[in-house]
Every structure is written in structure tokens, then in C-alpha cells.
Amino acid sequence: MRRIIQKSSFLLVAFIFLSCDTDGLYDKSINVEKTMTLQNGVAIYENGMGRIVYLAASPSRATLEEIYRVDENEQLLWFETGPDPDNPSEVFAMSVPVDERDADHTETLQRIHADGTVNSYIVNSVFNELAFGPYQKYAILYHGSGSESEGGLYNPNEVALIDLSSNPGNNNPSTMSIDLDGRRVTGVSFLPTLSIGGIDRQFAVFLSEGGLRLIDLLHPDSSAARIPLTDKTDPRNVTPVQVFAREKDEIRDAMIFVRANGSEDIYAISLTANNEGVSDFTAAINQIEAGGTPQDMALVQDGTKLLLAVLSSNSGRMIVNIIDIDTSAAFSIEVDDSVTTAMLREGNESEEIVLYGNNSKGVHFLRAKGLTKEKGHNLDHVFIPDQVQHAIRLDGDRLLIIPHRNRDLILFDLNTRDSTRLTSPWDADWDDARTQIYKNQFFCVPQNSDRINVVDLDTGHPDSLLLDDAVQHFHILKGSGTGVVMHDTPSGRVTVFPLNDPTRGKAYVLDGLWLGNFLDETEVTK
Amino acid sequence: MRCIVRFSFVVTALLLTNSVAFAERLEVGLAVTPTMLQDTQYEAFSEDDLNKIRFGADIRSEVINLGGFRLIPLIGYRIAFDHGSPYSIMDTDLVLHDIIAGLRVRKGLLSWLALCVEITGGVLLADMNSSPNQGYDMSYGDLGARQDYEDFQHTWSFGGLAGVDIQLSKNWLRSRGVRRFGFAGEIAGGYVRRGDIEFEPSLEGGDDSSIEAETRPWGDVNLSGWMVQAAVSFRFF
């Protein structure tokens, strides 16, 4: 009897012992921190569980896969998509150790492909900006103006050059310090490949207050040029903000044009081969008067004449200063409107400059053909009823204009110069609306809306896809022709629809993004 | 499911028929069975720990006495309720139904004390319902979204118990004029082994016009575990 009681007691004690609290397997909260549009899917950084998942979506099927698991000793500071900004296929994330004393982790750029493969580029510095070069060949990490050092010295002009076509290695990325006469890098631009003296140059332009530096990425060790925009006695803060290049032709050398804040000049830089060395080049700078404070600029061709059109403000007036690059002959065209943007596009007959801006009265067109002869007489105006509160370039052919009437939107066709006015039954905050164009359709989603507005750009007919839940994020997947709407539900929900037929009948919902196989979690995540 | 109900009905009928034939051997037991589940994934359905308390009843009937070893077939039913909040994003309600049949062997040691061993097998039915919890702005549901998860799964179940049975002495009962009724208490411990349950909930709610919706499978959970059982039995002679 005693034995029986002893055994029973043992069983009871064992049971109580085994019934202690569990290990908090599901104690973490779900926290979607970032969603990123890729070619055929959406990459989602879910911070609570420390993972990046990839939602691959097509009009008929959506699947979700984890493509990156954040190590418990690392944190991801920021994300970019690339390397083609217009058609990104990968996620780039800056990874730093959680604990600075952790010897096993260092600052790394994680290149995460949609299929889950990861390339880790060790950079040994907390960069906060990433610029992608043309042709998806190069990327440059640098310390932007918002970079902050934690704990020690850092070199704000240190950059990491990544060859995206090669695997990470000892020389990839390569780090270098950009000599800018003691001034720090404020931005990085890339130029298209330029041929100088028969040698192809792929320039990265490092911008800084008072100057810039060109580095030929194809010959990074031998070719660099520091181009000052001011001399040392000049007290002005001249900071380059717009750079574009023109390739060499039969008459002219390759040229770079720079617009800078704090200067009333445009800097035209000619690049010529240096006879002293086959891999070097010479940069000659020429300052061109903008006729005021330059706001924007474009380079146009009128017959054989190469003209620089600079949109400038001068004593409250907006003028377009036209400068012949070869002769420096110049004339001005006044635009009686508060335009801020000069957009170069291929018009119906020739190149044309489209002038528009926030709080302007309309949109203005300046044809390049005959520009020097007409001297502004060919400036056409299209005035917008209610005027322009906000103008957004949708693509090369269309502007989205938000007039001073909250209920309306205007789609402005730059080819036909026709407006399609759309009116909503209530006031909407169109400024914060998410707008995108896909083929001949315009998609527009105001904040806190539960519908996707779609406008057929050929007919001007608006329609809308009413959803069963409010829109949090809206993504257009150009690769698969799919629209993906993310909803702000705790378990994760998306509505997927074909972009060419955005109807409820063709839409479907995938729910429980964060609950997929969650019962198979085997350990407590960070 | 229909087969299980039919089988249970047949076994019940047999037991009752047997009890009529051998009237002193019918037992009705009421049990409380705390079970300590081993699969940590069960935490998704449990707010505190992995304990789950089942309540249920057995019908037993002694069929033979072999040298003091009484063989007692039984059928039983247990039900358990639990509630969880995985990731603090949703409320999960799980109702588990055990439908079991088995054999109990009881060996009397004293007039008031017996050892008992029981093995059972059967089916476990799991009825799961879940919905976004209060952290979610429920007004979104007004837009017609399907947002409730429902699933009903089943799996096999085998278990074994061993314990002691303390009964009111027949002689003591007879001395008080009670002749065809007995009462016993029981403490036992054991293990129940069950198959995996894979939850693949469907999305419910909304209305006929809601956009077609599907949800991702949740994965597997196993509800095997150690158990203790406290029970009372009413015996009819």
C-alpha cells in the first residue's frame, strides 16, 4: 500500500514539474516594417520575427517564401531595391551587429535575391546611402549627409565600390576615400559610358560643396579628376544638385553639365584625352550664366545647334535662358507662370521642353525645332482650370495634375495636350495618393481608401476595384502584370489582381501571410 | 465521422446489453483528466502553459473475472477547451473531443482498494476557430473581408492509465441498506499518444460577395502528453 502511494505521489510530482511554463514560442509580435516592390513580387521585412519574405504574385497564384532570416546578433538598418531602379529584382540591406563588441559580425551589405540566395559584401563601415550605376554593373555605398558615427571616428568620404557582376571577395567591394579638399561627399551620380580619346569611361560623380570629383569605374586606380566649382576665396556655398552628360560627337568633346545650388552659373565641363597618358583625361570647366537662379536645365538640339535651356528665377520672374554651347550666344524667354521643372521629351515634331510646377497656372511647351529662330514665339501654353496645386510626372507622356479643388484630379496627356478631369464624390487627399501607370492604365489609391481607382488612359474611362479591406500598401508588379494590395491585418493579408483586368471576379485574397506553417516553428526567434 | 458514431453506438449497445445480462457490472465514470502536452507548438492554443484539462465520462461494464482480475471494457468521451493568442494578433479557440474505447483491468487488493490499468484507443476531433483579436481594428471587417479561421480535423489516439481505485465497501453499503449501487474514486496517471494534426483553416465570415479568399496552412501540432486522471465511478450491481 505504501509503495502504491509513493508511486502515485511520484507521478503527481513529475506531472507538476513537467507542467512548468513554456518558452514563449509565440510571444513575439508581428511587425511589418518595410514593403518593397520587385519585378515579380513584393519583399516584406517583418521585424518582429526578424525575416524578409518574398511574396511572388501572378494573376492566378501567390506564394510566400522566407528569403532572409535576420541573425539574432545583427540588425538591418535600411533597405534599397535594385540594381535597376526602374525594374528592381533584389533587396539590398545594411546589416550591422547588434552589439558592437561582437567580433563575429561586421558591417555588411546583404544582397538578397528573390530566390533566397544572399551575397554578403563586407564593408566595415555603417554607410547610409546606396547609389546604383547604369547597366546594373556597379553600386556605391557612401555616407550621406544624415550619416552618424557611433562610438568612434569615421571617414565621411569613404565609399565602397561594389562590382555587382562579381561575387563578394577581397577586392569586392573595394573601399576608397574620395579627396574633395576636405569637404564631404553629399551625393553620388553616375554618367552613361563616355568615350574620351577612344577609351570608354564609366564615371561616378562624387558631389560635394564647392566641387565634384569624377572617378572612372573602369579604371578606378588611374583616372580621377577633381573639379572645383568655386575657388578657395569664394565664400559661397555652392552645392551641385543636377548632373548630366553628353557624349562626344564629331564637333564637340564629351561634356558634363552641372547645376548647383548657391550659384547662378551652369558649369559645362569638357572632357578631353590627356596626351601625357593614355588612361588619363583632362577636364576643362566653362561657366555659363543661367540668367538668374537656376531651377532646372535641359540640353536640346535645334538643327546642328546644341542649346542649353536653363529654367531660372530672376526677381520673381521665371525665364528660360537659352545658351548656344558652341558660341555662348544666349537669349531669354519669359514664362509668365511659376514653373519649376523643365522636362525634356520627344514631342510630336521634335524635342520639346515641358515647363510646369506646383502652384502654376498651367503647362507650357517649348519646341526645340526652330528655337533659335523663334526665340520664344513658339512657347505654347495650356492653362488648367482651378490652376495647378501639385503636378507629378507619371511617365514621359503624362502628368498627373492636382488642381486647387480637392475633389478633382487631372490626367494631362503631353502628346495631345488634352486633360482628362476626374472627380470624386468627396474631398480626397490626392497629394498623398499612391499613383502608378501600367501600360494604358492609371492606378490611383488615396490614403485610407478601400478601392483601387483605375483610369483607361485611351478612353479616359474611370473604374474602380472595391476591396474587402482598407489599402495599406499598393504594389504594381510589372514583370508579372499583377497588382498587389497589402492590408493592415494582424495576420497579413493581400489582395491580388491582374492589372489588365482589375475586377473583383479576377481578384483573390491570400490571408495569413504570417501564419503560414507557424506551428512548425521550433525555437524562440529574436 | 459517421462510422465512428456508428461504432460508438454499437459498443454502447453491447455494453448496456451486457450490463442488463450481468446487472452487477455496469459502471458510469465521470473524470477530470489534466494532460500535459509535450508539443510546444500547442502554445498557440494555450494562454498559460501546455496543460489542458479534459472533462468526460466513461461507460464500463465488467465482462469477466479471471482470478480476481476483472476485465472491464469501456467507451468514453472527453472534451477539452482551450484558448490561445499566438503572437498577440489573434484569438484561437480549440475544442478537443476524444472518443475512445478500451479495456480496464482491475485487481482488488482490499475490500475498498483496487489497482487498475486501462488502455484505450480512439479518435481525437479538433475543432478550431480563430479570429483577429482586439488589437485589430474590427471596423475593417465591415468592408466584407473574410477574417475568421475555421478548421475541423481528426486523428487517432491511444492511451494508457494506471492508478488506484478506492471504493466504498460493499459490506459497508449493505449494512446501510444499499444493495445495488456502489461508489468509487480513482486517481491514475498515464500517457496518451496521438497523431499529428495539420491545421489548414478556411477563411470564413464576410458574405457571398466577398472576394475569394484562401489562407496558408498553419502546420502541424501533436497533442500527445502525460496525463493524470481523477474520476468518480457509480457502479450498479
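The model is predicted: local features need pLDDT of at least 70, side-chain atom pairs count only at pLDDT 80 or more, and totals for chains, interfaces and linings use all residues. Residues are numbered from 1 along each chain as its sequence is written, chains are lettered from A in the order in which they are written, and side-chain values use heavy atoms, without hydrogens and water.

Chain A holds two helices and 42 strands. Helices (H or I, at least four residues) and strands (E, at least two) are DSSP runs, numbered from the N terminus. The C-alpha atoms of chain A fill a box of roughly 115 × 60 × 40 Å along the principal axes. Of its 526 residues, 51% are buried (under 20% relative accessible area, 1.4 Å probe, protein chains only).

Strands pair if DSSP finds at least two bridges between them.

| Strand | Partner | Sense and bridges |
|---|---|---|
| β20(A), residues 254-261 | β21(A), residues 265-273 | antiparallel, six bridges |
| β21(A) | β22(A), residues 281-289 | antiparallel, nine bridges |

A:I256 has A:I269 in β21(A) as its bridge partner. A:A273 is bridged to A:F281 in β22(A). Three residues separate β20(A) and β21(A) in a hairpin, and A:G262 in the turn has a positive phi of about 90 degrees.

A:D520 lies in the segment after β42 (508-511) of chain A.

Conventions:
Buried < 20%, exposed > 50% of the residue type's maximum accessible area, 1.4 Å probe, protein only.
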